[in-house]
Amino acid sequence: MGLGTWITFNVGRDAAGREQSTQVMRHFVDLGGRMIDSSPMYGSSQDVVGEGLAKLNAQAKVFSADKVWTSGDGAAQAETSRRLWRVPKFDLLQVHNLLAWERQLALLQEMKAQGRIRYVGITTSEGRRHADFEQIMQRHRIDFVQFTYNIVDREVEQRLLPLARERRIGVIANRPFNEGALLRQLQRHPLPGWAREIECASWAQVVLKFIVSHPDVTCAIPATSQVAHLRENMAAATGRLPDEAMRRRMAEHVARL
Amino acid sequence: MSEWWTYRLSDFLMFSPRTWWRLVEGYNRELWPLHVGAVVFGLVLIWLARHGRGRTTLLLLAGAWAWIGWGFFHERYEEVHLAGRHLAITCGLQSALLVAAALTGKFVSRFEVSRPAMLLASMGVIAYPVVTALVGELARTEVAGLMPEPTALASLGLVFATQRGAWRRALLSLIPLGVLAFGWMTLWNLWSVSQ
């Protein structure tokens, strides 16, 4: 289970918000979490992550994933991001939403070859540009892809997830809760009895277990600003995972709601 | 941005309701008790407009827009939203337009001042802070001259109360209308994600 930072970590200079974000990261690392994902597009999030990691002295403990999001000088932006994170180098840099991907992907490949980053990736969200995404996955050497996948957004099961398996590409599932909208909908309904069979105590855990139990998914990146929610999310990375039959049952149940 | 038509308004909301309200509260806390002065400033503008002092009204209003651009959008909003810098520049442009209009414009005489325009200006200066204080919390009160939306609302009234000519009025109203639309859409989005 990873940790996203879109909206939740964009707290500006608010000291209380920054401290709360640090506490979320503290519990994330303590509970075995490693992968934190951010972007230059996320306002103050990168700086909030960097400040928190420095306070916790946890820069070396996390898998730092960030993005390049510019049609201009990607190298300069990546360096700015690295300084904000206060890490010696990123583990993963991704081309955010395929923006100027031809130029930026070549840059990231070069940075990887020079040992300045460990892995290269591309991202999209909410089903955008999947045809382009598929072509890039087929024609270029990519280590990670990031796209939207959850119990109601399952288009990627058709082509992108099988292709990721075939090409041995790591998969990061973003927007697991559709920015909270999915959970708000599900929480109007009682938790089904089968949730106990897979050791889920909440709808959030049902949704997360559905995602991470897909054999081709590497991790999900739920974002939260609440320690209680973080603990709930991290618990979904433990205990029994649903098998294929249970996954079908879960999806059918949610589709009927 | 590719496939821009696939984006919803809520996709441009970069922060949570909690972050927004803490930003407003922090900004108000830092500026207090300037709010009292800002309300008095707004009332003076209304008085000046009502008495046919269009040039002075617009020059003082230009100062308010310069502050909104610098003090709010650049110093505060830019931290949490990528549009902050552009909004700050836009407010600077509005300030420059008001100065240009003040120096070159033809103004309405004290006998021709529109009552609806004065009402609009009063809504920005008096009603907006009162309503935001009553609906939300006192620490989240939005005062014209310090926060964008009441300033934009008051500006629409003051421009129509003082300026002659449809084109000049339209030109000076574009940015306030845009700022109002942006601010109210943001509030709508914040409300939507809270439901």
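Student: Where is A:G52 found?
Tutor: This is a predicted model, and in it A:G52 is part of helix α2 of chain A.

Student: Is A:G52 buried or exposed, and why?
Tutor: A:G52 is buried, because 24 other C-beta atoms lie within 10 Å, and 20 or more is what it takes to count as buried.

Student: Which residues is A:G52 in contact with, leaving aside neighbours within four places in sequence?
Tutor: Those would be A:S21, A:T22 and A:M25.

Student: OK, back to α2(A). What unit does that helix make with β2(A) and β3(A)?
Tutor: A right-handed β-α-β unit: strand β2(A), then helix α2 (residues 45-56), then strand β3(A). The two strands, β2 (residues 35-37) and β3, pair in the parallel sense over three bridges. In one of the pairings, A:I36 has A:S64 of β3(A) as its bridge partner.

Student: What about β3(A) and β4(A), how many bridges join them?
Tutor: Four, and β3(A) and β4 (residues 90-95) run parallel. As an example, A:V68 stands opposite A:V95 in β4(A). To get from β3(A) to β4(A), the chain crosses through helix α3 (residues 74-85), and that β-α-β crossover is right-handed too.

Student: Switching to chain B. What should helix α4 span at 1.5 Å a residue?
Tutor: Helix α4 of chain B has 21 residues (84-104), so it should span 30 Å. Its end C-alpha atoms are 30 Å apart, which agrees.

Student: Which residues of α4(B) are buried?
Tutor: B:L87, B:A88, B:T90, B:C91, B:Q94, B:S95, B:L98, B:A101 and B:A102. Looking down the axis of α4(B), the buried residues fall within an arc of 160°, so they line one face of the helix.

Student: What do they pack against?
Tutor: The buried residues of α4(B) pack against α3 (54-74) and α7 (166-194) of chain B. On the other side of α4(B), B:H86, B:L103 and B:T104 are exposed.

Student: Last one: how many residues does each chain bring to the contact?
Tutor: Chain A brings 15 residues and chain B brings 15 residues. On the chain A side, they divide into three nonpolar, eight polar and four charged.

Definitions and conventions
Residues are numbered from 1 along each chain as its sequence is written. Chains are lettered from A and ligands numbered from 1 in the order in which they are written. This is a predicted model: local features need pLDDT of at least 70, side-chain atom pairs count only at pLDDT 80 or more; totals for chains, interfaces and linings use all residues. The expected span of a helix is 1.5 Å times one less than its number of residues. A residue is buried if 20 or more other C-beta atoms lie within 10 Å of its own, exposed if 12 or fewer, and partly exposed in between; C-beta atoms are placed from the backbone. The arc is that of the directions from the helix axis to the C-beta atoms. Two residues are in contact if their C-beta atoms, placed from the backbone, lie within 7 Å. Ala, Val, Leu, Ile, Met, Phe, Trp, Tyr, Cys and Pro count as nonpolar, Asp, Glu, Lys and Arg as charged, and the others, Gly among them, as polar. Two strands pair if DSSP finds at least two bridges between them. A crossover is right-handed if, with the strands pointing away from the viewer, the path from the first strand over the helix to the second runs clockwise.
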